[in-house]
Amino acid sequence: MRDMKFPRIGVVLCFMTVIAGCAAPLPAEQTPPIAPAKIPSTPGIVGEFMAGAAIVDITSPTFIPVNDRLFAKALAIKNGDIMAVIVTVDAVAIAGIGSFGDDYLSKVRARLQKELGINPAHVLINASHCHGTVCNDVAERTVQAVREAVAKMVPVTVGSGVGHESRVSENRRLRLKSGKEWDVRHAYALPPDDEVASVGPIDPQIGILRLDRKDGRTLAVIYNFACHPIQGVPNGGNTADMTGFASKVIQDNLSDGAVALFVQGCAGDINPVMYKDVNAPRDAEPLGNMLGLSVLKGVKPIKTTATGKLAVINETLQLPRGDLGAKLDAMKVEQMRLLRSLKGTSLNLKTFMPLAAKYGLSPEFPSYSSHRYLHDKTIGRDDWEKLDVANRKNMQDYMGNILIMEELTRVQTNIALLTRHHEAALAAGRKPLEVEVVGLRVHDFVLISFPGELTVQIGLNIKKASPHLRTFVAGYTNGYIYYAPTAEQLKNLGNAQEDSDCKLAPEWQKIFEDQVADILKRI
Ligand SMILES: [Zn+2]
């Protein structure tokens, strides 16, 4: 690997002013100022909680059919003179990819500060990462959701808990016997079964915050879980996917008007189960129903309290960019090697397919009934056996080419990902990536947020090291910087999506986890 030279790396507290108004979307590398106007110097206040929640529809009016609606949901929580706002949106991301535009966050924050006096540092916006299509005026509707939530604020009690759901998700990185890791994607084929050695972990924990009105009715539930909500629905329509269905189950089974806000966790390498099934219609609804019921099971025993701590720590980290040039060169060499290894073949798809069926069905006598082979033997001939030897050799060559083709699709897809991030890094002068990390504490519920697709191990590490029992981690929040895999996973650069669709150098993980440990100490 080449020497990596980074400009000053580490933590900076950001004092940039949020720019109001609407700017044309900027290229991803010129992210407009998203950082908050001021950082609270003494985080947190202990007192009585107030909260309000609201839901606004953000479904695209033009994407037809609509299977189920997409929403922006807002929860405003107040304690003394501190107000925190959590917004969840049924969308792939709030910047970078998807249709939000990179100025969405700054636009929303500026409006909230101007109209409602909300400190931009105290606004968290999390994308569920479902792949649904939203309306064009999503920023305006987000502001509307927060406006309504603030207007509805009432005294509340709060409490946290956990649920457990291990049936709906799987780790999509497959550890191969070669030591490499490939992943379960539609963009490329799965590796042959006998090359797969093991699979990675999931996080079955659901983090829950419940807020009740003083009369005992539930006002809102926040739940945090890690899984790409990308299963889809049988009619191919617009959908909030698994977590949209889960939220509906939760809301339908709580007090009237209760709002369920899904906060996406460390889902970078977590897929829904049966993601590549071709034998049944792909349907997120049963998975969402299971998740929703598991959340409800976790919601029920939570004890709430009227008094507790509300704190927000909002800091900007500078993270080093990966140096992708050498890997990209090596992958292009590998691409040519694979291309050149394709052999001439006597068969084509039309002749291969019936042969594959026959030789699979009757390995001993594939080409005719057994008596023809037996008869040959009695007259001292082996014509049919010779035919089988020739056919088997041709089939093997043909399948060899297919496997090379499958590998080529993966290599080429990953070359495209690396090229995009390499060119973007060069265009940005390899400046460190500025990311916003937030710690939010509501009584004993503690949430850490990050703007990338954190892989599940990062979340498991943070939870394990935290001094707070109820610590949860949200990716996809307050920006979007693509995947954020572990330093270990980045050794696999070029082989799986999470390591190839990534702007970060391996050193990022320690910088982030150290900073999170510090925030968790202070919050
Ligand atoms: Zn993703």
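A crossing of two helices is called right-handed if the near helix is turned clockwise from the far one by less than a right angle. In the predicted model described here, H1 passes H2 in such a right-handed crossing. The two axes come within 9 Å and cross at roughly 35°. On the H1 side the contact is made by Tyr-104, Lys-107, Val-108, Arg-111, Leu-112, Glu-115 and Leu-116. H2 contributes Val-138, Ala-139, Glu-140, Thr-142, Val-143, Val-146, Arg-147 and Val-150. By class, the residues of this contact divide into nine nonpolar, one polar and five charged.

A further helix pair is formed by H9 (residues 456-465) and H12 (residues 508-522), which pack at an angle of about 35° with their axes 10 Å apart. The crossing of H9 and H12 is right-handed. From H9, Ile-458, Asn-461 and Ile-462 meet Trp-508, Gln-509, Phe-512, Glu-513, Val-516 and Leu-520 of H12. Six nonpolar, two polar and one charged residues make up the contact of H9 with H12.

The largest nonpolar core holds 36 residues, of which Val-89, Tyr-104 and Ile-125 touch the most other members. At least two residues each are supplied by strand E2 (45-57), strand E3 (71-79), strand E4 (82-89), helix H1 (104-116), strand E5 (123-127) and helix H2 (138-151). The greatest contribution comes from H2, with seven residues. Tyr-104, one of the residues with the most core contacts, also takes part in the contact of H1 with H2. When residues up to four places away in sequence are not counted, Val-89 touches Ile-58, Phe-71, Ala-72, Ile-94, Phe-100, Tyr-104, Ile-125, Asn-126, Ala-127 and Ser-128. A second, separate core comprises 28 residues, including Ala-51, Leu-209, Ala-220 and Leu-447.

The zinc ion is coordinated by the NE2 atoms of His-129 and His-228, by Glu-453 through two OE entries, and by the OH of Tyr-483, at 2.0 to 2.8 Å. The donor residues follow the spacing H-x98-H-x224-E-x29-Y in sequence. Glu-453 lies in strand E18 (residues 453-454) and Tyr-483 in strand E20 (residues 483-484), so this pair ties together parts that are 30 residues apart in sequence. Glu-453 counts as buried because its relative accessibility is 1%, and Tyr-483 is also buried, with a relative accessible area of 4%.

Two further buried positions were examined. Gly-207 is found in strand E11 (residues 205-213) and counts as buried at 0% relative accessibility.

Val-233 is located in the loop between strand E12 (218-225) and helix H3 (241-253). With a relative accessible area of 9%, Val-233 is buried. Leaving aside neighbours within four places in sequence, Val-233 is in contact with Asn-67, Asp-68, Thr-239, Phe-245, Arg-282 and Asp-283. Val-233 and Pro-451 are 218 residues apart in sequence, with a C-alpha to C-alpha distance of 27 Å.

Notes
Residues are numbered from 1 along each chain as its sequence is written. This is a predicted model: local features need pLDDT of at least 70, side-chain atom pairs count only at pLDDT 80 or more; totals for chains, interfaces and linings use all residues. Side-chain values use heavy atoms; hydrogens and water are left out. Donors are N, O and S atoms within 2.8 Å of the metal (3.2 Å for Na, K and Ca); water is not among the atoms, so sites may look incomplete. Helices (H or I, at least four residues) and strands (E, at least two) are DSSP runs, numbered from the N terminus. Buried means under 20% relative accessible area, exposed over 50%, partly exposed in between (1.4 Å probe, protein chains only). A nonpolar core is a set of buried Ala, Val, Leu, Ile, Met, Phe, Trp, Tyr and Cys residues joined through side-chain atoms within 4.5 Å. Contact means heavy atoms within 4.5 Å. Axes are lines fitted to C-alpha atoms, for helices over the stretch in contact, and angles run from 0 to 180 degrees between N-to-C directions. Ala, Val, Leu, Ile, Met, Phe, Trp, Tyr, Cys and Pro count as nonpolar, Asp, Glu, Lys and Arg as charged, and the others, Gly among them, as polar.
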